[in-house]
Amino acid sequence: MKILVTKILIFTLFFSWVKNTISGDAYVRDACSVTRYQNLCIHSLASFSHTAKKSPSIWARAGVSVSIGEAKNVTQYLNRLKKQKSIKGRRNVIALSDCIECFGDTLDNLHRSLGILRKLDASEFDVQMGDVTTWLSAALTDEDTCLDGFEYDDPDSYTSKQIRGVRFKVSRVTYITSNALALVNKLASTGLGISIH
């Protein structure tokens, strides 16, 4: 009898877990349906599903928060490359410094955006959304600009491999920021309604 009760309890817990996982999965998929890089969106924001559910304002904040975390990681990586002098060639060294500066601006704009998203006000909503959209667009421009100055000499050289690493990491942040902007645009078109938490 004890074994039967234990089995029933295990099955109940398992199906409850599956149900929660599926519903959480549905929330993040629905939120990410407006983004350009949906798989990356789902992967990077899945942990917010049970908190955000169907709230455009929470999803927008989550998108910007994740962008900040990724941008910080890239900034640390770029600073490490500079400190280690891993990238050679005058033009590439200048490009790396410019890239670090661009990411400083990116982080400023992302932090400003998150600050506004944390204190949304129905009476100023349109202005706030306009500001956030402008800052996120500026962050995207800075991320794109970061890659402009690099040049590849010998594709097999250590420097070229490092630059490819920079390009990969910066591109990932750009995609995540683009997704955050899409989530903010969804919030702007939805309005506050009852979705603010």
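At what angle do helix 6 and helix 7 pack, and how far apart are their axes?

**Entry 1: helix 6 against helix 7**

I looked up this pair in what is a predicted model. Helix 6 covers residues 125-146, and helix 7 covers residues 158-190. They pack at an angle of about 165°. Their axes lie 10 Å apart. Angles over 145 degrees count as roughly antiparallel, so helix 6 is roughly antiparallel to helix 7. I also checked the handedness: helix 6 passes helix 7 in a left-handed crossing.

Next I listed who touches whom. On the helix 6 side, the contact includes Phe125, Met129, Val132, Leu136 and Leu140. Glu143, Asp144 and Cys146 of helix 6 are also among the contact residues. From helix 7, the contact includes Val170, Val173, Thr177, Leu181, Val184 and Leu187. I then sorted this contact by class. It has 14 nonpolar, six polar and two charged residues.

**Entry 2: helix 5 against helix 7**

I turned to helix 5, residues 90-117. How do the axes of helix 5 and helix 7 cross? They come within 13 Å and cross at roughly 20°. Angles under 35 degrees count as roughly parallel, so helix 5 is roughly parallel to helix 7. The crossing of helix 5 and helix 7 is left-handed.

For the contact, I noted Asn92, Cys99, Phe103, Leu110 and Leu117 in helix 5. They meet residues of helix 7, among them Thr159, Ile163, Val170 and Val184. I sorted this contact too. It divides into nine nonpolar, three polar and no charged residues.

I compared my two lists.

**Entry 3: disulfides**

How many disulfides does the structure hold? I found two. I looked up one of them, which joins Cys32 to Cys41. The S to S distance is 2.0 Å. The angle about the S-S bond is -75°, and the link of Cys32 and Cys41 is left-handed.

**Entry 4: confidence**

The mean pLDDT of the chain is 87. I noted that 83% of the residues reach 70 or more. Where is confidence lowest, and where is it highest? It is lowest in helix 1, residues 2-32, at a mean of 59. It is highest in helix 4, residues 56-84, at 97.

I marked residues 11-23 separately. pLDDT stays under 50 there. For this stretch, the model has two contacts beyond four places in sequence.

Note on methods:
Residues are numbered from 1 along each chain as its sequence is written. This is a predicted model: local features need pLDDT of at least 70, side-chain atom pairs count only at pLDDT 80 or more; totals for chains, interfaces and linings use all residues. Side-chain values use heavy atoms; hydrogens and water are left out. Axes are lines fitted to C-alpha atoms, for helices over the stretch in contact, and angles run from 0 to 180 degrees between N-to-C directions. Helices (H or I, at least four residues) and strands (E, at least two) are DSSP runs, numbered from the N terminus. Angles under 35 degrees count as roughly parallel, over 145 as roughly antiparallel, 65 to 115 as roughly perpendicular and the rest as oblique. A crossing is left-handed if the near helix is turned anticlockwise from the far one by less than a right angle, and right-handed if clockwise. Contact means heavy atoms within 4.5 Å. Ala, Val, Leu, Ile, Met, Phe, Trp, Tyr, Cys and Pro count as nonpolar, Asp, Glu, Lys and Arg as charged, and the others, Gly among them, as polar. pLDDT is the predictor's confidence in each residue, from 0 to 100. A disulfide is a pair of cysteine sulfur atoms within 2.5 Å.
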